[in-house]
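Let's walk through this structure together, one chain at a time, and then see how the chains meet.

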Amino acid sequence: MIVLNNHGDERTFWNTGDAASIEHAMAEFDRLVRLGYRAARMDSPETGVMIGKFDPDAETLTMVPRIHAG
Amino acid sequence: MPDSAAFFYFTHPSQWVYGMNDPLVRAENTLRAHLSPEQLADYLRTRTFRARGNFTKRVYTIVPRWSNNVYHIEHSYMPYEQHVAQAFCTGSDANVPMADHMLIQKLYIETNEFEFLKIACASGRGLVPPHFPGEFHG
């Protein structure tokens with residue numbers, strides 16, 4: 001999971017066979033969604049999909065901060 | 001996505017001073033990893049790239065600026081060859097580097113264009129500014 005923030009990015013990894021790591025990633029996902037982040041599941045650079053729930057089977061989740069009018 | 005280490009060897013001048021862990025370098029690498037081969041080629045050549053909206057299927061050009069940096073450009077029907085542009089401006093809640101700023105706009109356009117258009121501040125339609133970088137055929 002790639003989180004776009006003021007550090008450039010931060011990464012959280014999980015293993016589908018490790019329940020604890022999935023739980024940790026899910027908690028991080030929920031915390032970011034509460035802050036207004038949107039999650040994009042990136043199967044390839046061209047085909048991203050916005051998702052609302054944590055998907056442990058996703059290869060990459062990119063967490064995008066909320067935008068506002070400039 | 002390119003998987004060779006050489007691809008990420010040098011991405012930003014800040015790397016010479018602060019190393020690979022500098023936010024500007026990390027953001028640049030993240031952006032490049034999220035670009036398709038065509039977008040990456042455009043980006044390396046002109047520092048701009050194009051993204052297709054998933055709602056209207058329009059093509060937007062994203063340029064490296066903090067404001068009014070997403071352009072929708074199309075051919076006009078004027079007798080002389082000219083283009084008409086609409087600029088969109090968004091900011092993000094996080095204080096992100098420029099490369100992340102462009103990546104956020106790309107992801108919004110490609111995955112949630114409807115919300116992007118709802119939120120973004122759109123300027124009036126006008127001529128393409130003369131300093132506009134890169135190619136801009138929509």
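A residue is called buried if 20 or more other C-beta atoms lie within 10 Å of its own, exposed if 12 or fewer do, and partly exposed in between, with C-beta atoms placed from the backbone. By that count, buried residues make up 38% of the 138 residues in chain B. This is a predicted model, in which local features need pLDDT of at least 70 and side-chain atom pairs count only at pLDDT 80 or more, while totals for chains, interfaces and linings use all residues. Residues are numbered from 1 along each chain as its sequence is written, and chains are lettered from A and ligands numbered from 1 in the order in which they are written.

Chain B contains five helices and six strands, where helices (H or I, at least four residues) and strands (E, at least two) are DSSP runs numbered from the N terminus. Starting at the N terminus, their order is α-α-α-β-β-β-β-α-α-β-β.

Now for the meeting of the chains. Two residues are in contact if their C-beta atoms, placed from the backbone, lie within 7 Å. On this basis, 30 residues of chain B are in contact with 24 residues of chain A. On the chain B side, α2 (23–34), β4 (83–92) and α4 (98–111) each supply at least two residues, and α4(B) gives the largest share, seven residues.

Finally, look at A:Thr60, in the loop between β4 (48–51) and β5 (61–64) of chain A. Why does A:Thr60 count as partly exposed? Because A:Thr60 has 17 C-beta neighbours inside 10 Å. Leaving out residues up to four places away in sequence, A:Thr60 touches A:Ile2 and A:Met42.
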